[in-house]
Amino acid sequence: MVGRLSVTTKTSARLRWMSAAVAGLWLGLLVPTGASAGAPSEQIQGAIEKVVATLKDPALKSNRKERLDQLRQVIYPKFDFAEMAKRSLGSHWQKRSADEQREFVKLFTELIENAYLENLEAYEGEKVAIMGEKLDKEFAEVNSKVATKKGEEIAINYKLHQAGSDWKIYDVVIENISLVNNYRSQFNRVIAQSSFEDLFRRMKDKQFEAAGKKRT
């Protein structure tokens, strides 16, 4: 099917963690909006610690709806979905009207949410280590590695940009697979073969998957 992402991974465990790694960040990034920016790696480290604590919380495990509701409450302050959507649409962004851009951001945000929020069960106690960060003025990249129970190491890098007094994520690169680039390839293919209107329809019909989404 056009627009359906196909990603080759070495193991099913790696695929599950790729999903959980991004999904887990939703709840972990609880630094209040307007807080001092601080080092990006410190924010990611603090986020990971909160993620693990939350995923182990028996109260949240027994109440899935409440857990998802809490996730939604913290997504928007920490992820720059508008920037992610703009980058994912690439050169087509400037060709769209303001109303179309707003609608695209809304659909893109829902796409990310549907791809990851409901995959928290994939977490199986994997360990995360921050390997370092790179700063370039208002941009940063935080590199991390995940150690699975089978001894595999998975590289997960977070790309952030400074927004006011905070740092916000605009891309996640998992094993050299960029979420933004992945979506851009899919969106370009649909628009080239059909139309922008068809892209909207496919997004509304949830015909796209993100890198690392758990398959059944």
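Modeller: Let me begin with a term for angles: those under 35 degrees count as roughly parallel, over 145 as roughly antiparallel, 65 to 115 as roughly perpendicular, and the rest as oblique. This is a predicted model, in which local features need pLDDT of at least 70 and side-chain atom pairs count only at pLDDT 80 or more, while totals for chains, interfaces and linings use all residues. Residues are numbered from 1 along each chain as its sequence is written, and side-chain values use heavy atoms, with hydrogens and water left out.

Biologist: In what order do the elements of the protein run from the N terminus on?

Modeller: Helices (H or I, at least four residues) and strands (E, at least two) are DSSP runs, numbered from the N terminus. The protein has eight helices and five strands. Read from the N terminus, their order is α-α-α-α-α-α-β-β-β-β-β-α-α.

Biologist: What share of the 216 residues in the protein is buried?

Modeller: A residue is buried under 20% relative accessible area, exposed over 50%, and partly exposed in between, with a 1.4 Å probe and protein chains only. By that rule, the buried share of the 216 residues is 49%.

Biologist: How are H7 and helix H8 oriented to each other?

Modeller: Two packed helices are described by the angle between their axes and the distance between the axes. Axes are lines fitted to C-alpha atoms, for helices over the stretch in contact, and angles run from 0 to 180 degrees between N-to-C directions. H7 and helix H8 (residues 196-204) pack with axes 7 Å apart, at an angle of about 130°. The two helices, H7 and H8, are therefore oblique.

Biologist: Which residues in H8 are met by H7?

Modeller: Contact means heavy atoms within 4.5 Å. From H7, the residues taking part are Phe187, Val190 and Ile191, and those they meet in H8 are Phe196, Asp198, Leu199, Arg202 and Met203.

Biologist: What is the angle at which the axes of helix H5 and helix H7 cross?

Modeller: Helix H5 covers residues 81-89 and helix H7 covers residues 179-193. Their axes come within 7 Å, and the crossing angle is roughly 50°. That angle makes H5 oblique to H7.

Biologist: Which residues of H7 make the contact with H5?

Modeller: On the H5 side, the contact is made by Met84, Arg87, Ser88 and Leu89.

Biologist: Where is lysine 137 found, and what is its phi?

Modeller: Most residues other than glycine have a negative phi, and most peptide bonds are trans. Lysine 137 is found in the loop between strand E1 (127-136) and strand E2 (139-147), and at 74% relative accessibility lysine 137 counts as exposed. Its phi is a positive value in a residue other than glycine, near 60°.

Biologist: What is the phi of asparagine 176?

Modeller: Asparagine 176 is found in the loop between strand E4 (166-174) and strand E5 (177-178). With a relative accessible area of 77%, asparagine 176 is exposed. Here too phi is positive in a residue other than glycine, near 65°.

Biologist: How far apart in space are aspartate 136 and histidine 161?

Modeller: Aspartate 136 has its place in strand E1, and at 51% relative accessibility aspartate 136 counts as exposed. In sequence, aspartate 136 and histidine 161 are 25 residues apart. From C-alpha to C-alpha, the separation of aspartate 136 and histidine 161 in space is 9.4 Å.
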